Amino acid sequence: MEMPIEVTPDRAGHVVLQDAACELPMSETATLPGVVSQRACALYGARWMLAAVQDVIHLVHGPVGCAYNAGTVRRKSYQVFTTCLDEQDVIFGGRGKLARSIEEAVRLRPDASGVMVYVTCTAALIGEYVEAICREAAVRLGIPVAPVTCPGFCGVGQGQGQDAAAATLLEYFVGREAGDVEAGTVNLLGEFDVQGDLGEIERLLARLGLKVQCAVSGRADVASLGRAHRAALNVVHCRRTGQNLADAMEREFGTPQLKASFFGLRETAASLEKIAGFFGLAAEWIAGQAEGARASAAPYVASLAGKRVALFFGASRMGSMAGAFRELGLEMVLAGSQFGCQGDYQEVRRCSGGGTVFIDDANELELSEFLHRRRPDLLVGGTREKYLAHKLGIPFLIFPQETSAFAGFSGFVNLARDTAALLNAPVWRLVQRQHAAPRVAVATREGTMVDSHFGRATRFAVFDLPGGVAREVGVRETGAGDFNCEDGSARSSLADKLALLADCRAVFCQAAGHCIRDLAAERDLAIIETDGKVEDVLADYIRRHPSLAGTRPGEGGWKK
Amino acid sequence: MRLSEIPVEGIPYDQLKIEKYTCTPEYAERPADLIPSGARAVVVNPNRTCMPLGAMWATMGLHKGIPFVQGAQGCTTYVRYTFSRVFKEPATIATASFHEDAAVFGGRRNLIEGIRNLVVRYRPEVIGICTTCSSEIIGDDMVSNIKAAKAKLREEIGREAADAVDIVLINTPSFAGSHVEGYDRASRAFVETLATRQTGPNHKVNIIPGLLYPGDIREIKHLLRHMGVEGITLFDISDPFDAPLRPPQKFPYEPPGGTTATEIRDMANSLATMALQPHAGQAGARYLERKYGVRALVGQTPVGVQGTDDFIRGLSEVAGLPVPEDLLDERGRLVDSLADTFHHTMMKKVAVMGDPDVVLSVTRFVLEMGMEPVALAGSSVSKTFVHSLREIFEEGEFTGDPLVINGGDLFEFEEYLKKLSRLDLVIGNSKAVDIAKELQIPLVRVGFPIYDRFGYQKRAIVGYRGGEILLADIVNSILGYQYPDDRTHQL
Ligand code: SF4
Ligand code: SF4
């Protein structure tokens, strides 16, 4: 298996191909300037963590753009307040604007139980002492006014902002209410309640007799955060966003913690059993539920057998989803993340087979090259990757998901259903060229066997496949033989050869070099490496392209 | 002229209205002194975004053009996210990836290495360098940095290849303006940097569309075609941001179309420049006029009958060509539609929000429909907004006294609307969705951004045909909402 993308020297170590002795990719280093990075900034990370905290005022201390952008999190709009720093503020400092803004915001929303002040790049650069201003305001207003130190240039991506957000929660919100540990309660850390995920998890926990005290931050408000330390257990659902909080709470309040994942049947069952074990609860029903879900998902899973999936996530989801996709029977060909840590990659390695490519901090170009070369059957990622995949004709599943809950047992069935539906969507059939003749070429010397290397071939037999029936239309000969990839000078003769096959969709040959495949791809010519009898190869091609059946002129709807 | 109540098909006007717009019970009374945005320091739900977005938008409209954002990752990633959500297209935008060291020592190294990395990887023809708040505060000397970056590029890839890449600097510190101004500055920066010589008349007309959608730009081209005028569209996002799914794609993915650098150079030779949004693109048009005497025609976006009339008149005048019959037919169809639906639109109270040029042109159109604007909110502060509105009111013989917000926030707009005793329709972008929901009245979507519905970026509201689409939207929204159940089949 060779590396499907070019790894420039400055990216060495971040891109690795998994084989037996493979190292994990290097991670958590700064992005190269000038690349099209899929990473975001600390403010983005902080908003990811905190936007859903309900009864606080979210005040972005920065210029208008940061605030406008920060209003949307996981494709949802939230109310944002902002100091909207302008030129005057930049030149003369915030001039008390922050203090005034906090005060006004609280007057406008007297029901708020706290204020979070997000410090952006601009605010950090003009060098205001935000903490002091917040402290004074808190005293005056009698509610917590908490700075979140998340200027975008901090750290390598959104991770730093998530850490800053966790620090803010701990310092200003968690554990403010006095009280003892309440038996049978848990916190979910790193759970954002996308499309009802939280409800699914909650239902399962309720079946164990457990109650969710606080979900950070899918369902969190000042009161539930204040009580969070009274939970008997912290369940870390996402390492990246939950682990810090769990560690600190363990240190400070002695809350025990447990890492769990509710994605995939095996993980969900194992997690529930772990939790049940912790509380000493009976949990026989778990295996049964998992089996039930497996049976419901079976028809979908059957249609996914052998398909190849490429995963590209922010950080920790990569690890927890890898298992779920494996249970769907998909082969993972790419595990990529924006800012995952070694632990995340380790987790994903456990679920990967040989030949998985790991790309840390994958930029747009690398993703695009991977998709071009490997053509996975599905890419999983976020909004910024979605439309690139579609332009290349590759089905795409978006995360955080848009349709239904993916967590828990029934969530897995949803995931199976959505994945199968996406892969089998009619549109991917329609993407094929419909108006060109369904014509293919075969590199063959005698006309009976596929027996030539593309670069060396001098004879191509050309076939039309109307209505799924192969009909030879002639033999084309080329002068140029013996093309060698290393020798770029021969590229033009290669271009002649490709031009000769300009009207073909696919060419069958024994083998073809990299550069040939690239040039062919630009020309919409699929190179299929194979050997065997020409008629078998064509029959196989026809069988795998059912849409050919409708291409007979005068058929497929319009009758003459 | 004010009309009193006219019964519509037998039902008195006020009975047609179902009283739906009571506010939700949680609605709390806010302190009155804090409602106008001018009276407070804090901004709640900003209505505009930042300058670099406009400059990135512009650069995305160039053939093999890639924006390079001199700042931290967020300023870029957020915009890529916004573009992808709005256009449903990939958006290739490079970032200088500022980290702590850049914040302390400046972004020179990031720019030099960044340009190199970008060119080696993507081989763009044009790079639009957008500065950000951070780089402007740090005080990067961009002109000298770009020189150094070019020198480095020559070293690495050779003089010829390096010089084939046009690098254009656009200063876009966001604290000084909005996305609208960012586009405006880009329009000037690109013509100033690229159109450096006048070589001889080309008999073309430059079009600077402003922040219009691909569908709108296609409609403008349709009008040019029918007029028989050859145009150069600056920042032509119509193909890059509405690209077909037609594999195979080249690697790296290269969006189709876009204005070429050669076309921009040729803009100095054109008959005239028509800037379709006074706030976004005027600067480029004025520059060409000052420098080369290329006439600048700056008018309202051609929305509705009179808006499009003005545009066509201007076009016909600069090109010296008559208006062809088929465009007169298109006009006639729009006028016919107005006549056919007037009884549904007349006297309906409407609020319009969005970028200033959108609000101005749409307001003019709703007056043509006999609607009554009650609140008009322009996203970015403008020196001419209020005056232009007054002109539109005069032309439309409109004597009402709507609330006019010149650059305020959405909170102010929303609070005002909640106090109105009656409002039938909001016209604006997706940022108004929550407001319309809260008030329980329909929203007709126009302008940027629209991310919560599909297809708006692909169709036009400009031109006579675009007018019919927008009119239909408005009428159907009113019909869908206004009629009691037993009258739902009436039109
Ligand atoms: S407002 Fe300034 S700092 Fe914020 S996103 Fe825009 S350019 Fe970046
Ligand atoms: S990188 Fe800095 S300036 Fe840009 S969006 Fe993030 S916080 Fe704002």
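Predicted model: local features only at pLDDT ≥ 70, side-chain atom pairs only at ≥ 80, totals over all residues.
Trainee: Why is the pair Asp10(A) and Arg121(B) called a salt bridge?

Mentor: The closest N and O atoms of Asp10(A) and Arg121(B) are 3.4 Å apart. The cut-off is 4 Å between a side-chain nitrogen of Lys or Arg and a carboxyl oxygen of Asp or Glu, so the pair qualifies. The count between chain B and chain A is four salt bridges, and there are also 26 residue pairs in polar contact.

Trainee: What makes S5 of chain A and S1(B) a strand pair?

Mentor: Strand S5 (residues 81–82) of chain A and S1(B) share two bridges, in the antiparallel sense. Pairing needs at least two bridges, so these strands meet the requirement. You can find Thr82(A) opposite Val43(B) there.

Trainee: How much area is buried between chain B and chain A, and which residues of chain B lose the most?

Mentor: About 6,500 Å² is buried, with carbon and sulfur atoms giving 62%. On the chain B side, Tyr78(B), Arg121(B) and Phe251(B) lose the most, together 12% of what that side buries. Arg121(B) is also the salt-bridge partner of Asp10(A).

Trainee: How many residues does each chain bring to the contact?

Mentor: Chain B brings 71 residues and chain A brings 78.

Trainee: And how do the residues on the side of chain B that touches chain A divide?

Mentor: They comprise 38 nonpolar, 18 polar and 15 charged residues. Tyr counts as nonpolar and Arg as charged, so Tyr78(B) and Arg121(B) fall into separate classes.

How values were computed:
Residues numbered from 1 in each chain as written. Chains lettered and ligands numbered in written order. Heavy atoms only, no water. Contact = heavy atoms within 4.5 Å. Buried area = accessible area lost by both parts, 1.4 Å probe. Polar contact = N/O pair within 3.5 Å; in protein donor to acceptor, adjacent residues only side chain to side chain. Helix = DSSP H or I, 4+ residues; strand = E, 2+ residues; numbered from the N terminus.
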